[in-house]
Each structure stands twice: as C-alpha cells, then as structure tokens.
Amino acid sequence: MIDLNSLTISSAREALKARKFSARELMEASIQTIKDKDSDIHAFLEVFEDALGLADEADKKIKEGVDLPLLGVPIALKDNMLVSGHKVSAGSKILENFTAPIDSTAVRKLKDAGAIIIGRTNMDEFAMGSSTENSSYGPTKNPIDPTRVPGGSSGGSAAAVASGMVIGALGSDTGGSIRQPAAFCGLVGLKPTYGRVSRSGLIAYGSSLDQIGPLVKTVSDAEILYDVLKGQDPMDSTTIGDQSYPKKKDFKKIIGVPRSFVESEGVSPEIKKNFQETEKRFRDLGYEVRDIELEHLRFSLSVYYIVALAESSSNLARFDGVKYGLHVDGDNGIDDYFKTRGAGFGQEVRRRIILGTYVLSSGYYDEYYNTALKVRKLITDEFRKVFMEVDLILTPTTPTSAWKMGEKSTSPLEMYLEDIFTVPANTTGCPAISLPSGHEEINQIKLPLGIELTADLGREDNLLKAGKEFLGEK
Amino acid sequence: MDREKVIALSKLARVDISQEEAENLAGEFEAILGYVGEVKQAYKGEDMGTPQSDMALKNILREDAEPHESGLYTKNLLAQAPETEGEYIKVKKILG
C-alpha cells in the first residue's frame, strides 16, 4: 500500500502523472488508513461513498493526458464547507441531518482542479473552540499523543493529515483555527488575506474574520492549494482581486519581532527557547531580525473576542428550526425558537451567542462592540505602518504545546487566552502561516511546536518565500 | 452580571437555558467581560474616521440580471425544511 506519510500533494501529483500509482490506489490507501486509525483518532465525521468512483473518473482523465493541479488527489474538508448532495453539520446537532443543496465556491474550485473530496472532518461546533473538544460528535485526538488535543477548531483536518489519512485538507480560520492545529500537529497551515478566498458556502462564524485555507505538510503544498482557492467571486462580495492591495515594496528579508508580546507571561519556557532557535535559523538564512513595537497589539485578543462574539450571535440567528436543520416543537412559534436553539446548540455556542447578544445590546454596544471596532482600526493601522519597515512579523503560533484533553475545558477564558498569537492576523485581515519549528519532549513523546509568520495585506508571496526557505524547500 | 440578567439575555438570543446553566454563565461572563473590557483602556477618544475605512475592501454587487431558472433549487431547498405544505415552508400560526 502507498505510504501516505511520505507523500505530499506535489509528490503525489508527480507519481500520478508518471503512472507510479493510480488515483484509485491513492484513494484506497487513504480509505484504508482511515479504517485502520480513525477509531482511535476520530478525525473524520464521514467518508464520502462516491470518493472511489470519482477516483476512477480521475484515472480516466489522467489516461487521456489531462493535467490539472490536483487531478486525482483526495482532499478532506472541515465539516463547515458545503458539498452538493452531501451532509454538512458544522459539528453541530442543529445541522445533523442537513444536506448541502449547492457546492461552496472552495469546493467547486477544488473539483475544477481535479481534486476528489474524500469526506468531512471533525471540528469545534460552528468553529467555536481551540481544541476540537466542542464538537457535538465527540472530540478528535492528537495523532502524535492521543491523550492530547489536536488543536482547533480545524482539529479533524489537522489530525487527518498528521496521521497520514490524507495528504491535504482544508480548514477555516476565524482566530487561528487553521494555524493553531497546524502547530499542534506539526503541519503547515495558511490563513490567507481576508477576502482572498471566497466564503460562499462556508458556514459563517465571524464574517469579518473568517478565511478558508490549507492544512498540509509543506509550504509548496500550501501554495498549490492556495493558488487553486484564491480569487474574486461574485458569490462573496468581500472577495478581493490581485490588485486590491498593490505591492508597495520588494521582499528584503527583514523580519520584525514584537519582543514584549513574545516575552509575555503565559508563554511557556519551551516555546521561548524554540523561538530563540527560530530567530537564529532565520538569521543563518540571511534574514535581518529586528525588534518592533506594536503598542496596541496586546489588545487584539479582547478586540477579537468582542467582534467574534457579536458576529456569531448575529450569524447564528438564522438557525430557527423553520427553514432547515433541527426543529424542536414548542407551545407556539417563538417557543419553537427557544426549544430548537436550546437543544440544537452546544454549551460553548450558547455561551458565545448569549455573550454576543450582550455586547451588541443597546446599553453596552458603545462600551464593547463600538470600542472594539475602533481599537481594531488602531491595531490594523499599526500593522500597516510596521510593514513599511519589515516584510514579516514573527511570533510563536501558540503560547504552549498541545494540552491534555479536558485540561482547559472548565475555564473558557483560559482556552481563549491560547489564541493570543493567532488572532491579530484575523483582527487586521493580514495573511499568516504556521510552520513546524521543532519539538517539546514530554514523556518521550515529541510534541510539535510551530512558529507564525504574518505579512502585509495581500503579501502571501512573502509568507511562501520565507516559509520555503525556513523548511528547506526548493 | 447575575443569573437573572443571563436569563434575560438568553431570551433575547432565543436560546432556552436552565437556571443552573445561567448561574454558571454569570460567573464565566464576569471573567470574560473583565478581560475583553480592557479595550476601553486602549481607546482614548482619538478620531478614528470610519472603522476599517482604509481597507481596500469594497462590496461587489452582482448584476441584477440573468436570474437562474425559476424553481431550479426549490425541491432541494424545501427538502431541508422541517415542515412543508405544497411548495411552502409551514410554520405555526403567528397572529391570533
């Protein structure tokens, strides 16, 4: 059987083109690995039955000499992207029996590029969480150490790639939901610039923050998927084109480190040590690494949570038990809403919707939501200014390595604080990538660590360039 | 923040929660709001212009033309509704 652990998207495409194996054999290897491993990991919510048949169709095209960037490559999808005719639940009971009537734009683009959607992966309900413990269908475990979380909310996608079930997956990132699980599972995770990838057919969480992106093993693979996914879409009015953010300067290999932020309390000694090693590695690669000041950066987590809570309470108002999804019968029309939403949403979703309602309520709107929008602008302006001087900002991806299952589930605030390094990219809209940067050894298990590079709006090219150099890719 | 306030908010959010959950949430909300409330220290009344005004983001509107064939998605969409009657989604009586 094909060893998926040693395979990347680019090497699989080479092998398919050279007929070293067929798309069917590649798909069978994925399905077999899922059968062997997923009862322990629980990365998948469903493997699609049509996947093998679609692999045969891809083989026919390969024989005809068709060449597409993802032809015959199985890709797993986080359970919040619509695939026409297939179930999609956002990890929630409220959508347990929902079948997508359309393809999301991301899925349509994957299909057009020849990819085969193998199935849907587990996630924190409505992407609300940092550990994939908040799924209504049970938690996903970290394949490197199954007593630990894989990160979240795209934890199923990360675990699926890290355990060799698939060679590539898509996640969505509202506050770090691609990058943090990538760090915890030793993968590359890219969150593109806000608006770069269409969200049409992505189940919304925080609409001014959400982006779709890849979880893969190499930066080159991230680039392949990013190139397929990006682009303006008439179905998502927030998408941007290549010229929306004109390039202001050439790449000069200058990295800025927000020193006080990286040194802050709550960042583990192992992460700090790994970060120093990372800085040295970049210097050895010919980068200039300098300290930068971002005065308002420390407020970005607060800004993020206020905005995300507000937007989620508004976005999730659509789940009313009338048009689609779960319906629980009450005494009258409005009681149907209370009962349906009370039963259909899990605890963390209820918590965020109710808090979101609070920060948007007339008495507190100015104090929280409006103030958060203003501070968001301050932070964004500071980032844009710093990017006149540096090409990239470097931080750890996470303040700690993967934690034990259940360790943080009793304190929501403690869980929120884990997102400290990833939320600024969503708050500002900037693109960011997490790269594997080493390990922390606990009980003879090497837990992966990640570092994060952030670039100016529209400058994914800088992330990909530096990422490839850092990982020694051509 | 107390239990009654959480219950009132849950009513506005149209979510049924138990008294016990409201009690727990009240404590958690105190902690979360205490933390995120720090934004108030960051903003010192500067004139910000319109939030996000310098972003390149502009809403793109599709042409109000070339609609898809009428009824093309009706069957699939209605199939997702909890209750239907003919080509309508059925709800409880709203006006007495």
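What share of the contacts in chain A with a separation of 6 or more comes from residues 24 or more positions apart? Select chain A: such residues account for 76% of those contacts, a contact being heavy atoms within 4.5 Å.

The model is predicted, so local features need pLDDT of at least 70 and side-chain atom pairs pLDDT 80 or more, while totals for chains, interfaces and linings use all residues. Residues are numbered from 1 along each chain as its sequence is written, chains are lettered from A and ligands numbered from 1 in the order written, and side-chain values use heavy atoms, without hydrogens and water.

Stay on chain A and colour by secondary structure: it has 16 helices and 11 strands (DSSP runs, H or I of at least four residues and E of at least two, numbered from the N terminus). Buried residues, those under 20% relative accessible area with a 1.4 Å probe and protein chains only, make up 65% of its 474 residues.

Next, show chain B against chain A. The contact takes 51 residues from chain B and 69 from chain A. About 5200 Å² is buried between them, 68% of it from carbon and sulfur atoms; this is the accessible area (1.4 Å probe) that the two parts lose on being put together, summed over both.

Now select B:Lys92 and A:Asp329. They form a salt bridge, with the closest N and O atoms 2.7 Å apart (the term needs a side-chain nitrogen of Lys or Arg within 4 Å of a carboxyl oxygen of Asp or Glu). Between chain B and chain A the count is 5 salt bridges.

Finally, select α1 (3-12), α2 (19-36), α3 (39-42) and α4 (74-79) of chain B, the elements giving two or more residues to the side that touches chain A. α2(B) gives the most, with 9 residues.

Methods. Buried means under 20% relative accessible area, exposed over 50%, partly exposed in between (1.4 Å probe, protein chains only).
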